[in-house]
Amino acid sequence: GPSRSTVTVPLSFVSATDRVPTIGYSATGEALDEKSSHPYFLRTIPSDASLTVEVAKFFQLYEWESVAMVYVEDTYGRNYKDGLFKACE
């Protein structure tokens, strides 16, 4: 499968119509976690949603009260930022 979620999502829809699996080796987008929309998608890397939870646990482990985040203003960056903020609440 493609490396980016923005390409993998539409490909997953197309391949599912013919019941062909799509395997994402670096597509981490949370939208791909929805099995009803992407029944034939598999990944070899954790999704952003599960990664941000672990990053938040790391912050808590060291009792960090604030951190700075630099991210790219695109779909991936915004979704990761939003997921991390949510996980840190």
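Start by selecting F58, L61, Y62, W64 and V67: together they form a nonpolar patch on the surface with about 540 Å² of accessible area. A patch here joins residues with over 30% relative accessible area and no salt bridge, with nonpolar side chains (Val, Leu, Ile, Met, Phe, Trp, Tyr) linked within 5 Å and like charges within 9 Å. A salt bridge would be a side-chain nitrogen of Lys or Arg within 4 Å of a carboxyl oxygen of Asp or Glu, and areas come from the Shrake-Rupley method with a 1.4 Å probe, counting only the protein chains shown as cover for residues.

Before moving on, note that this is a predicted model, where local features need pLDDT of at least 70, side-chain atom pairs count only at pLDDT 80 or more, and totals for chains, interfaces and linings use all residues. Residues are numbered from 1 along each chain as its sequence is written, and side-chain values use heavy atoms, leaving out hydrogens and water.

Stay on F58, which sits in helix α2 (residues 48-61); helices are DSSP runs of H or I, at least four residues, and strands are E runs of at least two. F58 is partly exposed at 38% relative accessible area, between the limits for buried (under 20%) and exposed (over 50%).

Next, pick H38, in the loop between β1 (22-24) and β2 (41-43). H38 is buried, at 2%. Show its neighbours V9, S12, F13, A31 and L32, which H38 touches (heavy atoms within 4.5 Å), leaving aside residues up to four places away in sequence.

Finally, go to S5 in helix α1 (residues 5-17), buried at 17%. The S5 side chain reaches the backbone nitrogen of G29 at 2.7 Å. Beyond four places in sequence, S5 touches P10, A27, T28, G29 and L32.

Note on methods
Buried means under 20% relative accessible area, exposed over 50%, partly exposed in between (1.4 Å probe, protein chains only). A polar contact is a pair of N or O atoms within 3.5 Å; within protein, one must be able to donate a hydrogen and the other to accept it, and residues adjacent in sequence count only if both atoms are side-chain atoms.
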